[in-house]
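Dear colleague,

I am passing on the structure below, and my notes on what was found in it follow. Please read them with the structure open beside you.

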Amino acid sequence: MVECTIPKDDGTLASFVGFRVQYDNARGPMEGSDTTLTWEKIRALTVSIWINHVMTWNALAQLMTWKTAVANIPYGGAKGGIGCDPGQLSLSELERLTRVFTQKIHDLIGVSADVPAPDMGTNAQTMAWILDEYAKSHGYSPAVVTGKPIDLGGSLGREAATGRGVLFATEALLNEHGKSIAGQGFVVQGVWNVGSWAAQPISEIGGKIVAVSDISGPIKNSKRIDIPSLFKHSVANRGVKGFSGAVQYWLKIVTFSSQQPLGVENENEIKAKFIVEAAYHPTDPEADEILSKKGVTILPDIYANSRGVTVSYFEWVQNIQGFMWDEEKVNNELQAYMTNGFKDVKDPQLRSVYGSFHPQS
């Protein structure tokens, strides 16, 4: 943990706490995303709750170690971030904070040691600041971070990979059961980021998106939701609520936070035959057990959520080689890794390690 003090735009000083958890590097350099936390709320926590919070981030670094192994890429696992609310900081304040944080940890990260990537509250611009600040001490090293802007060595197709990976994982699962995406009905829980990138290609190849949800609530259309029109509405209205091509309804699934699982209030409301866990740990153990007994096939997050780190690996490789791929090659390689990963997760000898995968074939 490091203390990061910066001058704010109004001339006052503000201090924030940053951290980088490095869990394991047995398979290669550690890789894990940097995120942001609302630290003002955390300061008031008791010591016991604070310890639990630290253990959560250690667990996420551990999860990344397993995820990179499942994806079969030569990385270990790490996790990092800064305790702040990025929405309360100006762009210049965010830049100063990111650069100070990088100054504090630059000896911990490196092309062959630990490679940060973007996550909640961070983006390509954040990675560009880290890259530039790191270069002041170690020289220009584009492979030190991933998720960078294209002009600074970022990989084509990285943003779309969040959805394409889910598409490829879903295709592999349905193919195993003699089905295809075309003509199947889909419900997308959370249409920001991963959900939006996944819904678009699924819709394009004939999948029927019949219900979606976000923070504003769930909507449904039993025939099909027009995804491009929905996204336009969602951007303009900051949510799917009120979209004219669907109706509001009550969905008895509760999301507690991005780091907590889904709790199922009434398992009988879940009619799906397949669940693809595209987010971090989205199904709690109790719901997982209930759904498994109902014959629902659950594709675990440790596999279905691995597309981001996989394309981060592709970016790292391209930077080291100094040879950039076109988007078609990125997509083809991602499909190959996701398809092979599915075969590994389906292996009964690995299932107890990788998570709850319940084939009903």
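Helix H5 passes helix H11 in a right-handed crossing (the near helix is turned clockwise from the far one by less than a right angle; helices are DSSP runs of H or I with at least four residues, strands are runs of E with at least two, and both are numbered from the N terminus). The contact (heavy atoms within 4.5 Å) involves Phe-168 and Arg-164 among the residues of H5, and Met-338 and Phe-342 among those of H11. Its residues divide into eight nonpolar, three polar and four charged (nonpolar covers Ala, Val, Leu, Ile, Met, Phe, Trp, Tyr, Cys and Pro, charged covers Asp, Glu, Lys and Arg, and polar the others, Gly among them).

This is a predicted model, in which local features need pLDDT of at least 70 and side-chain atom pairs count only at pLDDT 80 or more, whereas totals for chains, interfaces and linings use all residues. Residues are numbered from 1 along each chain as its sequence is written, and side-chain values use heavy atoms, with hydrogens and water left out.

Ser-312 lies in helix H10, residues 307–321, and counts as buried because its relative accessibility is 0% (buried means under 20% relative accessible area, with a 1.4 Å probe and protein chains only). Setting aside residues up to four places away in sequence, Ser-312 touches Glu-31, Tyr-75, Ala-117, Thr-146 and Arg-158.

Finally, Asn-72, in the loop between helix H2 (47–70) and strand S4 (76–83), has a positive phi of about 60 degrees although it is not a glycine. Most residues other than glycine have a negative phi.

Best wishes

Methods: Buried means under 20% relative accessible area, exposed over 50%, partly exposed in between (1.4 Å probe, protein chains only).
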